[in-house]
Each structure stands twice: as structure tokens, then as C-alpha cells.
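Here is a short briefing to read alongside the model. Take a moment with the fold first, and then we can walk through its helices together.

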Amino acid sequence: MGFLLLGMFIVLMLIGVPIAFVIGIVALIGIFGIPYTPEASVAMKMVNGLDSFVLLAVPLFILAANLMNSGKISEKLIQLALAMVGRVRGGLAHANILVSMMFAGVSGASQADTAGVGKILIPSMLKNGYDKETAVGVTAASSTVGVVIPPSIPMIIFAGLTNASIGGLFLGGIIPGILIGLSMMVFIYIIAVKRNYPKAEKTELKAFGKLALEALPALFTPIIIIGGIISGFFTATEAAAVASLYTLFICMFYYKTLKLKHLPKILMDTLALSSLSLFALAAASALGELMSYYQLGTMAQEFFTNNIGAKWLFIVVIIAFFLFVGTFMDAIPAMILFVPVILPTAVEFGIDPIHLGLIVVITLAIGLITPPYGLCLLLAAKIGNMSTERSFVAVLPYIAIVLVVLVFIAFFPDIAFFIPKLINPSLF
């Protein structure tokens with residue numbers, strides 16, 4: 001039965017069935033194959049999989065990101081980023097990375113970053129003499145920090161699965177996210193000098209101050225979110241609601257770039273984007289129940305115990321596994337399916353759940369820019385009118401950068417734990 005379901009899973013993916021439906025179909029057939037199982041059990045497992053207060057944070061953070069884009073806050077952040085790094089050789093590319101890091105502190109959704117920033121900066125980069133590979137590659141790759149720098153939707157899901165501290169995961173993601181961004185900027189500077197990419201004039205101090213003042217309310221959002229969660233003032237889901245309301249308020253009354261007539265479309269876009277992740281999550285919950293019935297978690301633990309005796313080797317296997325999985329499915333269903341399977345073994349090896357969460361989230365972030373699933377890669381390629389194959393080649397150097405940072409975090413966790421230990425040592 002297991003080989004039949006695995007074969008069905010592979011065949012359905014190869015013929016182009018969306019991954020959420022692949023998971024659902026396999027779960028449906030697999031559970032129906034269990035004797036004395038009620039026909040409605042699959043639907044019940046899917047509903048129960050979404051019956052979580054934590055999961056409300058997913059559509060709410062996506063809503064905050066959509067409000068930012070519709071309210072043109074992303075344009076304010078781009079202007080500020082250009083003022084900060086535009087005078088450096090390859091300034092537009094540097095600004096692309098920097099604004100992705102800023103955007104990540106508000107939304108927690110990489111796809112919204114790619115869409116919002118890419119629509120503005122990819123045409124601008126092409127107009128200013130950048131080749132398509134650089135414009136598309138840096139836009140897609142820098143978007144991956146959206147799920148590493150807090151707030152992060154995958155980190156919220158991971159915390160819900162493992163009871164790890166959301167605050168600890170958020171704080172732990174700050175340094176890795178910054179390292180990824182800065183490393184990409186170093187790479188961009190090297191190729192910008194070689195290819196003589198343009199740089200902007202230095203922004204006057206008065207003009208810079210004006211831009212910073214305009215962007216300040218938007219930049220204050222991550223402080224509200226992270227500060228509220230760390231202080232215990234509100235939960236991650238409540239933080240997402242506060243972020244949405246705060247973003248709505250500043251867009252309508254401070255920037256005055258959003259009107260009531262815009263809200264129905266924003267809400268529909270949010271529902272459409274949220275439903276993709278949440279339906280896949282619901283299907284993954286049903287498949288997870290099937291995997292539990294066949295005791296795959298116990299089998300996996302026995303396999304790791306009998307065949308992998310070293311912590312470092314276990315970490316390498318986990319990274320390789322999630323790199324592979326991330327090319328075919330979104331981070332949320334991937335974690336729902338496989339994190340409960342590997343968690344007991346990770347704990348047995350003495351890996352802190354927060355550390356495991358950072359490894360899994362960063363590894364799955366790479367899946368956003370690897371075909372066939374890579375949503376950020378596909379979005380950037382579409383905006384830049386470039387084939388997926390050429391776009392993938394363009395992001396390969398950035399994938400290498402993320403992998404280097406990932407290895408450092410995986411084997412030297414104190415780098416990521418510096419801020420969490422500084423602010424709240426009781427997390428460890």
C-alpha cells in the first residue's frame with residue numbers, strides 16, 4: 001500500500017497536478033484503504049487541521065502585506081533604500097535586497113515581497129542597464145529573507161507543530177536574515193564593479209531625513225509585532241491582526257494612499273493567496289494522519305537511530321531532505337508532514353527545537369526559488385519576461401549564498417542564538 005501511494009504521489013506530480021490536490025488525493029485513497037474507516041474521516045481531518053488559533057496568523061500577515069503593496073508603502077521603502085545605498089555601484093540591486101529585508105519585517109510572506117518590489121524594481125533595473133539575469137535573480141533571491149527575518153509565517157507554523165517559542169524563533173531569525181541579505185549585497189557589489197552597473201547621486205541629508213520620516217511609520221511595524229510577542233502583550237496571531245489594522249490605519253490616514261473602495265479587492269486577493277497555503281495545509285494534515293497510522297514517525301526514528309549515529313550527519317541529512325522536498329511543495333505542508341517525523345530524533349540528538357526550526361525554515365526558503373514549485377522565482381521571471389530555466393540559472397549564486405549561511409547557522413547555532421539569549425536567556 002505504501003509503495004502504491006508513493007507511486008501515485010510521484011505520478012500525479014509529474015503530470016502537473018497541483019501539490020495540494022496531490023496530497024489530498026493520496027490521503028483520500030490511503031485513508032479509505034484502512035479497514036473500518038468512516039468515509040467522512042478525510043474531510044474531518046482536513047477541517048481539524050485548520051482548527052487552530054495560530055493558523056489565523058497566516059491570512060492576517062498576508063493581508064498586512066497586501067495592504068502595504070496597495071497602499072504603496074513598498075514604494076516608500078524602495079525610495080528610502082535607494083537613498084541609503086543608491087550611491088554604491090549597483091545601487092538599484094542593493095536597494096532591491098535592502099527593501100526586501102525591510103518588507104520582511106512587516107509581512108512574513110516572500111511572495112508578496114516578490115510581487116510588490118519586483119513590479120517596481122525589475123523594470124527600473126532593466127531601464128538602467130542591468131541585464132535580465134541580475135534583475136530577476138536578485139529580486140527572487142532576496143525575497144527569501146521574507147520567511148527568515150521576523151515575522152515569519154513558516155516559523156509560526158513550526159512553533160505550532162513543536163511547541164517551540166515563537167518569540168525565540170523570531171529573534172533567532174534576525175541574524176541569519178541579515179547575514180543572507182548582506183552576503184547577497186557583497187556579491188552584487190563584486191559583479192556590479194565588473195559589469196560597471198550605474199550608481200545614483202548621493203542623497204542630500206535633508207532629503208534623506210524627509211524620506212526616513214515618511215517611511216518611519218511602516219518601519220515601526222516590526223517593532224510592534226516582535227516587541228508585543230516577546231513582552232507577552234499579545235500572541236503571534238494577535239500580532240498579525242495588530243499589524244493588519246496598523247497597516248490599514250497608516251495607509252488610509254497617514255499616507256492617504258488607500259481608500260475604502262480598494263478594500264474588497266485587497267480582501268479577495270488575500271483570500272485567494274491564503275487559500276493556496278491553507279488548503280495544502282489541510283490536505284497535509286489528512287496525509288499526516290495516514291502517516292501516523294502507518295507509524296512512519298517511529299520507523300524514521302528507528303532508521304536514524306540505527307543508521308545515523310552522529311548529530312552533524314543528521315543535520316546534513318535533514319538539510320538535504322528539505323532541499324529536495326522544498327522543490328515540490330510549499331513550506332507549510334512540508335512542515336506539517338515531516339517535522340513531527342524528525343522532531344523526536346532531533347531532540348534525541350540534543351538539537352534545540354528553535355535551532356531545528358531555523359534550519360528547516362531557511363532550507364525550505366530556498367524552495368521558493370527552485371523549480372518546479374519556486375513561487376518567487378516564477379513571479380520574478382514573469383515580471384521580467386524571462387524563461388524559468390534562465391531565471392533558475394540566474395539565482396544559482398544566491399542559492400549558494402543562502403546555503404553557506406545555512407551551514408553556519410546549522411553548525412554554529414550560537415550565531416543565531418546571540419539575540420535570543422541576550423533578550424531572553426530563559427528560552428534555552
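At what angle do helix α17 and α19 pack? The answer is about 35 degrees, with their axes 8 Å apart. Please keep in mind that this is a predicted model, where local features need pLDDT of at least 70, side-chain atom pairs count only at pLDDT 80 or more, and totals for chains, interfaces and linings use all residues. Residues are numbered from 1 along each chain as its sequence is written, and side-chain values use heavy atoms, leaving out hydrogens and water.

**Terms used below**

- Helices are DSSP runs (H or I, at least four residues), numbered from the N terminus.
- Axes are lines fitted to C-alpha atoms over the stretch in contact, and angles run from 0 to 180 degrees between N-to-C directions.
- Contact means heavy atoms within 4.5 Å.
- Buried stands for under 20% relative accessible area and exposed for over 50%, with partly exposed in between (1.4 Å probe, protein chains only).

**α17 against α19**

- The crossing of α17 (residues 311–326) and α19 (353–366) is right-handed, that is, the near helix is turned clockwise from the far one by less than a right angle.
- I315, I319, F322, L323 and G326 of α17 make this contact with I359, V360, T363, L364 and I366 of α19.
- By class, this contact has 8 nonpolar, 2 polar and no charged residues; Ala, Val, Leu, Ile, Met, Phe, Trp, Tyr, Cys and Pro count as nonpolar, Asp, Glu, Lys and Arg as charged, and the others, Gly among them, as polar.

**α9 and its surroundings**

- Helix α9 (residues 153–162) packs with helix α18 (residues 331–348) at about 35 degrees, their axes being 10 Å apart.
- This crossing, too, is right-handed.
- On the α9 side the contact uses I153, P154, I157, F158, L161 and T162, which meet A331, I332, M335, I336, V339 and L343 of α18.
- That contact comprises 11 nonpolar, 1 polar and no charged residues.
- Why is α9 described as largely enclosed by the rest of the structure? The reason is that 8 of its 10 residues are buried.
- The cover over these buried residues includes α4 (57–70), α10 (166–172), α14 (236–254), α15, α18 and α19.
- After α9 comes N163, with a positive phi near 65 degrees.

**The largest nonpolar core**

- This core has 150 residues, of which I23 and V360 touch the most other members; a nonpolar core is a set of buried Ala, Val, Leu, Ile, Met, Phe, Trp, Tyr and Cys residues joined through side-chain atoms within 4.5 Å.
- α18 gives the most to it, with 12 residues.
- Setting aside neighbours within four places in sequence, V360 is in contact with F158, F322, M335, V339 and I342.

**The buried side of α3**

- Helix α3 (residues 41–50) has S41, V42, M46 and G49 buried.
- These residues lie on the same side of α3 because they cover an arc of only 140 degrees around the axis, taken from the directions from the helix axis to the C-beta atoms.
- α2 (19–32) and α15 (263–293) are among what covers them.

**Exposed asparagines**

- N196 has a positive phi near 55 degrees, sits in the loop between α11 (174–195) and α12 (205–219), and is exposed at 55% relative accessibility.
- N385, in the loop between α20 (375–383) and α21 (388–411), has a positive phi of about 50 degrees and is exposed at 63%.
- N306 belongs to helix α16 (residues 296–307) and is exposed, with a relative accessible area of 64%.

Notes: Helix = DSSP H or I, 4+ residues; strand = E, 2+ residues; numbered from the N terminus.
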